[in-house]
Amino acid sequence: MKIAVAGETREGEARVALVPELVGKLTDLGYVVAVEPGAGRGALHTDEDYLAAGAEVAEEPWTGADVVVSVNPLDLAVVRRLPAGTATVSFLPVNQSLELVADLRDCGVTSFAMELVPRISRAQSMDALSSQSLVSGYRCAIVAAGLLRRFFPLNMTAAGTVTPAEVVVLGAGVAGLQAIATARRLGAVVKAYDVRAAAAEEIRSMGAVAIELELETLEGSGGYAREMTEDRAQRQRDLLSPHIAAADALITTAAVPGRQAPLLVTAAMVEQMKPGSVVVDLAAETGGNVEGSQPGKVVRVGNAQVWGGANVPSQMPGPASRLYAQNVVNLVTLMTRTLDGVPAYAPDFEDEIVIGCCVSRDGVVMHEPTRSALGGPTEGEPV
Ligand code: NAD
């Protein structure tokens with residue numbers, strides 16, 4: 001059994017799919033682990049670290065591999081060199097990767113998408129969306145604290161009292177709750193809002209004030225939010241305006257699965273903020289929660305500096321890689337079974353976790369919405 005770790009080719013990507021510390025988990029299962037030269041460089045892991053951990057370092061590590069793991073999808077040129085039946089495990093944003101999915105299908109590659117791992121309790125240790133959101137949420141709070149030219153905490157000194165900064169967080173999912181926890185630890189006064197009813201209690205449990213708006217909550221399926229109507233979105237913006245105007249720092253992390261990020265804050269609302277205010281928009285890459293935010297840039301809107309997130313987990317490549325690698329190792333472990341007394345890479349496609357994150361297999365797109373988007377046959381029909 002062989003598992004390959006491919007280097008990342010996406011611009012600005014510093015994470016790696018396997019860290020040296022976890023190589024032993026795979027060799028203990030019976031895998032030969034082969035790593036592409038320089039794959040861990042961005043996360044400060046050298047080839048020597050991987051060799052010392054028991055891996056091989058090889059130019060084309062995927063040759064003869066059962067599974068190829070990476071953070072981002074493999075380049076098409078690599079996919080086309082994989083023998084049919086090889087498996088890939090990576091993030092694979094199917095909505096934006098239809099052409100690549102068609103190639104994976106046509107090459108007979110079995111592809112698994114980390115973002116499709118079902119969010120059930122048994123799969124929590126494989127939930128890479130959560131692990132990377134945790135990193136992003138922490139980073140957002142640190143960025144806000146770094147950009148703000150004032151203290152987060154209350155300071156009582158002989159020279160007088162410095163009042164704490166007020167931070168507003170919009171969207172209190174995994175990233176938002178981590179941003180709240182981090183800003184609280186730094187001593188800021190934090191207020192937060194989320195459209196899900198369950199969020200208010202979670203916000204309070206982090207030591208923040210839950211902003212209560214006279215609006216209906218929006219629960220979707222699987223613990224996620226539902227999209228707002230334009231009328232509700234406008235009322236939410238009106239009701240949030242005074243909270244945002246009073247904030248020193250605003251952090252936005254709102255998302256609705258499969259949709260553009262909701263526009264929560266207009267440029268006019270940011271213009272009401274005080275001089276020196278800071279806005280951190282984690283959703284900048286998916287359309288932005290804040291009007292005018294740009295991914296990877298700091299722009300000025302009114303009195304505020306607006307920071308737009310771009311591949312935020314990659315800005316903390318060490319911990320992001322460690323957590324992602326653990327998610328991948330747990331998924332690969334689930335797919336490794338003892339058959340006739342011998343350990344084998346043998347995913348059980350009856351398992352809801354395995355089938356849930358499988359995008360393509362044996363020349364068929366298994367993920368129903370992607371299959372329809374590609375215009376392929378429905379399940380059971382001949383290919
Ligand atoms: P997400 O990244 O899709 O969204 C982030 C947050 O934005 C969510 O809390 C959502 O409610 C909020 N949001 C959406 N529209 C909004 C709006 N108009 N205004 C304000 N907020 C808005 O979600 P996520 O962080 O990945 O997960 C959300 C929830 O899913 C978690 O809090 C948790 O309850 C659940 N979850 C469950 C599991 C599990 O069971 N294994 C794992 C992870 C998350």
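In what order do the seven strands of the open sheet that includes β9 stand? Before I answer, a word on the source. This is a predicted model, in which local features need pLDDT of at least 70 and side-chain atom pairs count only at pLDDT 80 or more, while totals for chains, interfaces and linings use all residues. Residues are numbered from 1 along each chain as its sequence is written, and side-chain values use heavy atoms, with hydrogens and water left out.

The order is β11-β10-β9-β12-β13-β15-β14, with mixed pairing. Strands here are DSSP runs of E of at least two residues, and helices are runs of H or I of at least four, numbered from the N terminus; two strands pair if DSSP finds at least two bridges between them. The edges of this sheet are β11 (209-210) and β14 (298-301), and each has a single partner strand, so one side of each is left without a neighbour in the sheet. Within the sheet, β9 (residues 166-170) and β12 (residues 249-252) run parallel and are joined by four bridges. Leucine 170 has threonine 252 in β12 as its bridge partner.

I turn to another open sheet, which has eight strands in the order β3-β2-β1-β4-β5-β6-β18-β19, again with mixed pairing. At its edges stand β3 (56-57) and β19 (364-365); each has a single partner strand, so one side of each lacks a neighbour in the sheet. Three bridges pair β1 (residues 2-5) with β4 (residues 67-69) in the parallel sense, and valine 5 stands opposite valine 69 in β4.

Next, the cavities. Rolling a probe the size of a water molecule over the atoms shows where empty space is left. A cavity is a set of points, on a 1 Å grid over the protein atoms alone, where a 1.4 Å probe fits but cannot get out; lining residues have an atom within 4 Å of a point. The whole structure holds one cavity of 30 Å³ or more, and the volume of the largest cavity is about 50 Å³, a volume being the space filled by probe spheres set on the points, which are joined across faces, edges and corners. Its lining includes Pro73, Leu74, Thr88 and Leu104. β5 (87-90) and α4 (98-106) each supply at least two lining residues.

Finally, the cysteines. No disulfides, meaning pairs of cysteine sulfur atoms within 2.5 Å, are found in the whole structure. For cysteine 358, the nearest cysteine sulfur is that of cysteine 357, 7.1 Å away.

Notes:
On a 1 Å grid over the protein atoms alone, a cavity is a set of points where a 1.4 Å probe fits but cannot get out, and a pocket is an open set with protein on both sides within 12 Å along at least five of seven lines; lining residues have an atom within 4 Å of a point.
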